[in-house]
Every structure is written in C-alpha cells, then in structure tokens.
2 protein chains.
Amino acid sequence: MTNPVLNDPTRRAALAALGGGAGLAAASSALGPNAHAQSAPTTPAASVPAAPTRQGGGFYHHRIGDISVTQIVDGARTIPLADGFVRNASRDQINAALGQAYMPANSMTLVYNPMVVTTAGKRVLIDTGNGPDPKGAVGQLLPNMMAAGIDPNTIDIVLLTHFHGDHVNGVLKADGSLAFPNAEILVPSAEWAFWMDDGNLSRAPEGGVKQTFVNVRRVFKGLDRRITRYEMDKEVAAGLTPFATFGHTPGHASLSLQSGNARLLIQADVTNHPALFVRNPGWHAGFDMDGPKAEETRRRLYDRAVADKVLIAGFHYPFPSLGYAEKDGDGYRVVPVAWNPVL
Amino acid sequence: MTNPVLNDPTRRAALAALGGGAGLAAASSALGPNAHAQSAPTTPAASVPAAPTRQGGGFYHHRIGDISVTQIVDGARTIPLADGFVRNASRDQINAALGQAYMPANSMTLVYNPMVVTTAGKRVLIDTGNGPDPKGAVGQLLPNMMAAGIDPNTIDIVLLTHFHGDHVNGVLKADGSLAFPNAEILVPSAEWAFWMDDGNLSRAPEGGVKQTFVNVRRVFKGLDRRITRYEMDKEVAAGLTPFATFGHTPGHASLSLQSGNARLLIQADVTNHPALFVRNPGWHAGFDMDGPKAEETRRRLYDRAVADKVLIAGFHYPFPSLGYAEKDGDGYRVVPVAWNPVL
C-alpha cells in the first residue's frame with residue numbers, strides 16, 4: 001500500500017527541488033478558486049467532545065552520549081507578583097520582562113523539573129519536586145515518572161542540589177514514607193552543615209528562612225542512615241560530578257554530566273525562570289539567600305555556558321527544561337531545545 | 001501533614017525576601033564543606049533500569065479564549081541535507097543556520113504537528129500528518145490523539161491546508177480505510193482545482209511534483225461525497241477562518257482562530273522549520289512550489305504576526321509547535337511558548 005518514495009514528502013520535495021517546478025507555478029496562476037462545494041456526509045460524530053482532563057508531556061527522554069536522561073515535570077504554581085520577589089527590580093521592570101517573554105503581567109508561573117540520569121546501571125534522581133499537593137498543581141513527579149516507565153523503586157540515588165522545599169519535599173510521600181524506598185540520599189555537605197547547625201537556626205530571622213530550617217529537619221528526620229553528604233568536584237555516579245554554585249543557598253550544587261564529548265550542565269537554581277533571571281542576571285531573586293554571591297555565580301556560569309555552547313538543564317526552565325544560553329546585551333537568553341519526538 | 005505556608009517555597013521565599021537574610025549570608029560564609037560522609041543503605045534497587053521505549057509528550061492542550069486546542073505530534077524524519085533543499089542558499093549557509101539553532105550539520109530533522117480545535121461542539125482536525133509508517137518515525141497522529149483523550153471517531157471535520165503528502169496521507173489508515181470515519185473533509189477549493197486538473201498533471205515535470213499529483217488522487221479516490229471545497233475568508237467552524245497564503249502550493253491556506261480577544265494564527269506551511277525559514281524568510285525551500293510568491297506571503301504574514309504579537313502554530317515548528325515571532329535583522333525568530341504543565 002505504501003510506496004516509500006511516494007509517501008516520503010521530503011524525498012518528493014527534494015526531487016521537486018531538483019527537477020524544477022517553474023512550469024507549475026505559471027500554470028497555477030491561471031487557476032482561480034472557483035470550484036463548487038459538494039454535499040458533505042451527514043453522519044454525526046460518535047460522541048460529544050469531552051474537555052481534556054490531563055496535560056500531555058510530563059516526561060522527555062534524551063541522551064547525553066551513552067547516558068540516558070529523562071526530564072520530568074513536577075507541575076507549576078502561579079502566584080501573584082509580590083513585592084520582594086525580585087529585591088532590586090521594580091514591579092514595572094518585572095512586568096516588562098514578563099511581557100517580553102509573552103507571559104502575563106502581575107503574576108508569576110513557576111515550574112519545577114526534577115530529572116533522572118541513568119548511568120552505568122545506576123539511576124539517579126536529581127531533586128524531588130514539591131512532594132504531595134492535594135490540589136495537584138505540583139507533586140506530579142511520581143505519576144509522571146511512572147508514565148515515563150521509571151519505577152520509583154528502581155531509583156538508586158536521590159541527589160539533592162540544595163534544601164529548598166521544592167527540591168527536597170518530594171523525598172517523602174503524603175503518609176511520611178519514603179517516595180524512593182531503595183535510594184541512598186546524597187546531599188551537599190556544605191548545605192547539610194549550614195541547615196543542620198543549631199546556631200544558624202537560632203540566628204535565622206522569622207519568616208521563610210526559619211521555616212526552611214524547620215522544613216529541612218522535618219524531611220530528613222530519622223533518615224540519617226540513608227543520607228550521604230557529598231563533596232564538590234568528586235564524581236557521584238559515572239560521568240556525574242557536582243560543583244559549587246553557592247549563593248542561591250550556602251551549599252548549592254550544580255552538576256556536570258559528561259559522556260564522551262557530550263555534556264549537560266545541570267544548573268539547578270543558579271537562575272529561577274529564565275525570562276526574568278537569565279535575561280537579567282543582575283536581578284536578585286527573593287529566593288537567592290545571598291543576592292550578590294548568587295549573581296556572581298550566575299554570570300560566571302552563564303559566561304562559560306555561552307562560550308562552550310553547552311546544553312543546560314534548568315530546574316525552573318519551562319518543560320522540558322533544556323536549552324542553550326546566548327549572550328543578549330548585559331544578560332543572556334535561553335534558546336529552548338527542539339523537541340525530538342523520536343527516541 | 002502538609003503545611004500550606006511551609007510547603008510553598010514561593011511564599012517562603014517572598015517572606016525571606018521581605019524579612020531579610022543578610023545575617024544568614026554572613027553566617028554561611030563561616031561554614032566550610034567539611035562534613036563526613038555517612039554509610040549508605042545497601043538495599044539494592046528493585047530491578048535493572050530498562051531503556052525507554054517511547055517518548056513523552058505527543059500532545060499539548062491549551063486554550064484560545066473559550067476554544068480548546070490540542071497540538072499533536074505526528075513524528076519526525078531526519079534526512080541528509082540534499083542539494084536543492086533550499087534553492088537559493090548554499091550548503092555552508094544552511095549548515096551555519098543549523099549551527100545557530102544548535103542542530104547538527106548536514107542533516108535536517110523535519111517535524112510534523114497536526115492539531116485539533118474543539119469549537120462550539122465541533123471537533124476539527126487540521127491536517128493529518130504522514131499516515132501509516134511501518135518504521136514508526138512518523139504516523140504517530142492516531143496513537144497520540146488517543147493518548148490525548150480524543151477518539152478519532154469524534155472528529156467532525158478534517159480540514160486540509162494543502163495537498164502535500166505529510167498533510168493529507170493521514171486521511172487513510174494502512175488498509176485504505178478512513179482514519180476519521182465520521183468526518184467531513186474540507187479542502188481549499190484553489191488547491192483542489194490545481195491538483196485535480198488533468199492539464200496541470202500532464203504539464204508536471206517528472207519527479208516530486210508529478211508524484212504529488214498521483215498521491216493526491218490516490219488519497220482522495222472515492223471520497224467525493226465526503227469532500228467539501230472551502231473558500232478563503234469564510235468561517236468553517238465557530239471562530240476558525242481560512243485565508244489564502246499561496247506560494248508554498250497554489251492553493252495553500254492558513255487559518256485564523258479567534259475567541260474574544262484571544263487569537264491563534266495557524267500558519268500551516270508558510271515556513272518549514274523555523275530555524276531555517278523563519279530566520280531566513282528569503283530562502284526558497286525546495287518544498288515551496290513558487291519560491292518568490294511563498295517568500296512574499298511569508299514576509300507579509302510574519303510582519304503582521306510580529307506587529308500583533310499573535311501566537312502562531314506552525315505545522316513544522318518543533319513540538320508543541322507554538323510560538324511568537326520577533327523581528328531579527330532581515331528575518332525573524334520564533335520564541336517557543338512556555339510549556340504549561342497545568343490544564
């Protein structure tokens with residue numbers, strides 16, 4: 001039935017391009033839109049269209065050399081744009097940046113993208129998302145992981161880049177049990193040292209930072225024997241090496257994934273949404289605990305990423321959370337990777 | 001178990017931003033990465049990781065005002081870069097454009113994205129993809145449509161923008177039966193007039209264009225009573241109006257979808273892959289039957305899209321095949337829409 005040449009529009013077009021088609025163009029100009037409509041079939045459609053109940057996507061498989069990688073979306077939250085969301089930019093400046101990215105003004109949609117790296121037979125989950133959410137806007141990691149064909153029981157390592165709740169809360173299920181029961185939990189030693197220090201807790205101001213101390217201790221309570229503190233610049237799995245990108249939090253890690261000449265830069269939270277913080281690396285997000293240090297880290301990392309033309313995975317980039325950075329004025333922009341529908 | 005304030009990192013960060021955190025930054029600088037690793041659990045993972053067998057995505061739901069829209073990927077083909085792929089650009093120029101888009105040199109990955117518009121209770125499929133492909137690289141429309149919760153039997157209208165095989169071949173299944181058995185098939189009257197004219201067929205040069213004549217007649221054979229020819233600038237379903245974008249083919253249609261103030265410009269094949277033909281609107285693809293006319297159409301449409309900041313759906317844009325156009329030098333660039341993981 002199918003003729004491989006006839007049914008391959010590319011080959012046909014290539015043939016057309018080679019064979020020429022000037023005569024057809026001339027012929028077509030002599031034809032007008034003058035055909036008459038025929039009667040249509042009257043068979044009704046089988047049922048009334050139903051509204052969609054779930055979004056597509058959820059996971060995106062790709063490869064870095066020999067290493068299989070899966071980006072998995074945990075969901076999104078849309079919040080009103082609060083004062084202090086960016087410490088050193090006005091509401092008007094933020095709205096202008098949102099407009100340039102074709103995003104609505106006066107609100108911010110934050111997205112969350114954990115990922116799984118399968119290397120040398122080991123499955124590493126990098127960050128765990130927001131954990132259980134009764135509303136379902138976030139906490140989609142587990143169902144999306146299962147849709148991707150990845151059984152949570154096969155995760156060997158849960159690697160956390162830092163201790164904000166949207167990265168660590170997915171360690172636990174709603175009933176407090178482990179979401180990845182067979183996994184060792186790797187944490188940056190500098191991050192652990194900071195958040196587990198009672199003196200730091202006692203000096204923390206009331207509000208979000210103090211609540212993060214409380215949350216970190218809640219999540220990790222009783223997990224000491226599962227937790228391994230990792231050092232920067234030491235490989236944690238074949239081809240996967242964390243490195244220090246302090247500033248967003250005191251012990252924040254990014255990772256380099258390398259296989260042969262192929263490389264992925266896993267930036268974690270060096271920037272939040274690229275429309276704001278890649279475009280304006282000098283903006284200090286309320287999320288960045290040390291704004292100036294986070295900015296210095298950000299500019300250094302992005303200058304290098306631009307020079308290397310390296311693929312970047314950003315936890316807060318829009319799904320599938322992969323792109324390339326380019327210099328753009330004083331800042332940068334992310335060119336999202338082209339979706340490959342074929343494995 | 002879950003504390004809505006504690007578990008909302010955004011609120012915590014906003015509080016942190018408001019409450020200040022300078023003391024914490026100072027405290028963190030006194031801490032070094034000096035923790036010792038603890039012993040890890042020795043429980044093995046439940047099974048050996050399996051390679052992924054299918055890509056995620058496949059469909060993407062969004063809304064234009066009150067109208068539900070679903071982009072559905074039909075797959076991708078990667079072909080060697082043949083001479084004539086672009087009539088008026090050299091291989092070096094094409095490779096440079098591919099490099100600027102972080103795509104590999106000397107080959108071209110073409111993607112195909114039909115879509116479903118559900119408006120006023122009518123389901124309209126716009127273009128049908130490549131149809132059955134034993135290799136599975138394309139012909140994914142039907143399984144992806146079903147994954148999106150859209151039963152092919154509920155399609156009321158199959159609207160074709162033009163008659164190239166990657167748009168019409170999906171009308172039929174492998175056994176020659178109708179893929180959308182309850183649908184009326186709408187075709188542009190100018191396109192029908194051109195390809196059904198025996199004089200045009202007799203004047204067609206050997207190669208791709210002649211093969212397209214043969215293929216069009218194969219696909220539509222015996223379907224006369226299902227086929228309705230549509231005129232430009234006349235609404236075909238609530239909010240959905242085709243308009244002439246001749247050049248790519250003699251009767252090529254694009255569509256405007258409007259609901260309230262929301263609008264989607266469905267460009268069909270005014271450009272093929274944006275990395276080449278949005279970026280370089282003066283390039284004449286081998287696919288474009290009348291290169292100069294296609295270029296004129298392309299520049300006119302994109303100038304208007306840039307001025308209107310209108311969302312564009314491109315059949316050959318990377319999935320989910322939605323983006324905004326911006327002027328960039330003599331050409332344009334597409335800023336892909338940010339993936340929304342929440343319905």
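Reader: What makes strand S14 and strand S15 of chain A a pair?

Author: In this predicted model, 6 bridges join strand S14 (residues 322–328) to strand S15 (residues 331–336) of chain A. Pairing calls for at least two bridges, so the two strands count as paired. They run antiparallel, and A:Ala325 stands opposite A:Val334 in S15(A).

Reader: Nice. What do S14(A) and S15(A) form, and what is the phi of A:Gly329?

Author: The two strands make a hairpin with 2 residues between them. A:Gly329 sits in the turn, with a positive phi of about 65 degrees.

Reader: Over to chain B: why is B:Lys327 called exposed?

Author: Happy to show you! B:Lys327 has 12 C-beta neighbours inside 10 Å. The cut-off for exposed is 12 or fewer, so B:Lys327 counts as exposed. This lysine belongs to strand S14 (residues 322–328) of chain B.

Reader: Which residues is B:Lys327 in contact with, leaving aside its neighbours within four places in sequence?

Author: Those are B:Val306 and B:Tyr332. As for B:Lys293, the C-alpha atoms of B:Lys327 and B:Lys293 are 20 Å apart, with 34 residues of sequence separation.

Reader: How do you know that strand S5 and strand S6 of chain A pair?

Author: Strand S5 (residues 115–119) and strand S6 (residues 122–126) share 5 bridges in the antiparallel sense. Since at least two are required, they therefore pair. One of the bridges links A:Met115 with A:Ile126 in S6(A).

Reader: And what makes S1 and S9 of chain A edge strands?

Author: The open sheet of 7 strands runs S1-S2-S5-S6-S7-S8-S9, with mixed pairing. Strand S1 (59–64) and strand S9 (227–230) each pair on one side only. Neighbouring strands of this sheet are turned by 25 degrees against each other on average, direction ignored.

Notes:
Residues numbered from 1 in each chain as written. Chains lettered and ligands numbered in written order. Predicted model: local features only at pLDDT ≥ 70, side-chain atom pairs only at ≥ 80, totals over all residues. Helix = DSSP H or I, 4+ residues; strand = E, 2+ residues; numbered from the N terminus. Buried ≥ 20, exposed ≤ 12 C-beta atoms within 10 Å, placed from the backbone. Contact = placed C-beta atoms within 7 Å. Axes fitted to C-alpha atoms, helices over the stretch in contact; angles between N-to-C directions.
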